[in-house]
There are 2 protein chains.
Amino acid sequence: MTVPTIPPASYEELRNELAEKHEGLSKRLKQIAEYALDNPNDMALETVSGIAERASVQPSSLIRFAKAFGYSGFSEMQRVFRSYLVESGTNYKDRIRSFRNEHDQDGAPRNIVLDDFIDGGIAALKNLRDVVDPDQFEAAIKILGKADVIYLAAQRRAFPVASYLAYAFAQLDKRCVLVDGNGGMFFQQGHSIRSGDALLAISFKSYSPEVIQLVKETREKAIPVVSISDGLLSPLSQNSDVSLEVEEVEVHAFRSLSATMTLALTLVVALGRELQK
Amino acid sequence: MTVPTIPPASYEELRNELAEKHEGLSKRLKQIAEYALDNPNDMALETVSGIAERASVQPSSLIRFAKAFGYSGFSEMQRVFRSYLVESGTNYKDRIRSFRNEHDQDGAPRNIVLDDFIDGGIAALKNLRDVVDPDQFEAAIKILGKADVIYLAAQRRAFPVASYLAYAFAQLDKRCVLVDGNGGMFFQQGHSIRSGDALLAISFKSYSPEVIQLVKETREKAIPVVSISDGLLSPLSQNSDVSLEVEEVEVHAFRSLSATMTLALTLVVALGRELQK
DNA sequence: AGAAAAATGGAATAAAAATTCCGTTTCGAG
DNA sequence: CTCGAAACGGAATTTTTATTCCATTTTTCT
């Protein structure tokens, strides 16, 4: 056992190293290398003795194996296998990190802040693809399509989304009321909703109490409520007939609205088609 | 802590359980539930004390948390989080594909629409990186930073951007006036601008005549004007001291606002920094 | 406001896991 | 065939990690 090189830091590197050195390895180590390439998941998640058993090898061989590739022990090597697991997964916060690093390199005097937001926005959009539940989306369109008048409720950060929707719905000749709280008449506006209408509420944490209250009240009247919010824990999701989930990334302590805006727009287009039938 | 139910065996079940029980949980447990939903990766891979630290919680609380959901200990719950990692890693790409096909067949093109907008949004953001002129951006920040009050003017499709900016500026303690034309008083609002202030106007084709007019009038008063618009041909650009160019992609006859929103946000953050000096 | 119950923090303990160590086996050169 | 070096197996040890326990704080109910 020689060649104490610098240990591979990414799964890809490790994979290559494994394939390359494979020939020169001893019997047991070969066996392990093969097992590792075939079952990266096990390597990432199982314990040393667990893997040892499955691969028909002694635990100590696994440690030797890791050391043969330059790691200080098995645990260190396992970290590499784990990093692979999270990268390939859905989680996108990590993707952002890798994005950033990519961009940091070219030393051009770019607008760093803008780059961050662009990367964040892109990540949020990609994530949107994964988290939007098609059934919920379908259901939302159904409800909104049937509604006589769509009431739009949103405050603060979410308000621009509602105002955009109001504009777009108007373009579609879909009647809507923007409950904007103008003149302190949030509830007066909101309470004029009635059977046959639908409420589309948008709010993110920290959730606007007015919007939450309106959602609850509307639901008690047995009027359908569609919500756009951030995650299952949102009080909006919990009190809506249908809820669409969006997660915006926070960059520099500010949240973008790219993903939410895109979802809103999609809603508009899908609704437009529904109405054409 | 009661209700020893059968513990959720899949990530999906666990997710739902988490959302459902969330309300009834104690402070610390709630905190953990939120962290878990936001960071499933950590829950799957980190050690108890690692997670405890990141979530600002005691290790023992994590064990209590797991037990509150019926598991024998944290490790058992962690297995569920891990199973999710494996599934999403292995089948991730396939899942998405099959998912799309499903819907293609029953003729529901929703996902396709969403995909189009997502792709469009991403393209617009990437484009933004190239078209924004750092010098102009810098100049815009200077002007806005020096302004006593920032007047925000936008109509129709651009209005949501202005309303978002109004919200964000308020967060920065930067005084601003949203010239929204409420009550038909667009010009009354707009004309109250005076020396020492600045106007930030946003408009896209077909350009809002009111906004154009306000820009011209303001400029005649020798008050600085910053504009966000689409291209150099825009009458806004031509009458502004500084103009920022954004190009949104049109998909299905609708324009998104992702890029514009991102630019707006960047402006906010950059302005925030400027103000701190 | 005060007592009882529930929740929490944090150190102590138990359990599990990784790693080392060493006697034994295998392999290859002379 | 024999010797030496490398590889291996497996128990012993160390380290890390999970879990428990109890004193203290916070909440709830009266």
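Which residues does S234(B) touch, not counting residues up to four places away in sequence? The legends below begin with that view.

**View 1. S234(B) sits in the loop between β4 and α13 (235-238) of chain B.** Not counting residues up to four places away in sequence, S234(B) touches Y207(B) and S229(B); contact means heavy atoms within 4.5 Å. With a relative accessible area of 0%, S234(B) is buried. Here buried means under 20% relative accessible area, exposed means over 50%, and partly exposed lies in between, using a 1.4 Å probe and protein chains only. E245(B) is 11 residues apart from S234(B) along the chain, and their C-alpha atoms are separated by 9.5 Å.

A word on the model before we go on: it is predicted, so local features need pLDDT of at least 70 and side-chain atom pairs count only at pLDDT 80 or more, while totals for chains, interfaces and linings use all residues. Residues are numbered from 1 along each chain as its sequence is written, chains are lettered from A and ligands numbered from 1 in the order in which they are written, and side-chain values use heavy atoms, with hydrogens and water left out.

View 2. Helices (H or I, at least four residues) and strands (E, at least two) are DSSP runs, numbered from the N terminus, and two strands pair if DSSP finds at least two bridges between them. Look at β4 (residues 225-229) of chain B, which runs parallel to β5(B) and is joined to it by 4 bridges. V226(B) has V242(B) in β5(B) as its bridge partner.

View 3. Axes are lines fitted to C-alpha atoms, for helices over the stretch in contact, and angles run from 0 to 180 degrees between N-to-C directions.

**View 4. In chain A, the axes of α10 (residues 159-171) and α14 (residues 258-276) come within 10 Å and cross at roughly 20°.** The helices α10(A) and α14(A) are therefore roughly parallel to each other, a label for angles under 35 degrees, with over 145 counting as roughly antiparallel, 65 to 115 as roughly perpendicular and the rest as oblique. From α10(A), residues including Y164(A), L165(A) and F169(A) meet a set in α14(A) that includes M261(A), L265(A) and L271(A).

**View 5. Q155(A) lies in the loop between β1 (150-154) and α10 of chain A.** Q155(A) is buried, with a relative accessible area of 19%. Leaving aside neighbours within four places in sequence, the contacts of Q155(A) include V179(A), D180(A), F186(A), I202(A) and E210(A).

**View 6. E13(B) belongs to helix α1 (residues 11-21) of chain B.** A relative accessible area of 45% makes E13(B) partly exposed. The C-alpha atoms of E13(B) and V80(B) are separated by 9.6 Å, and these residues are 67 residues apart along the chain.
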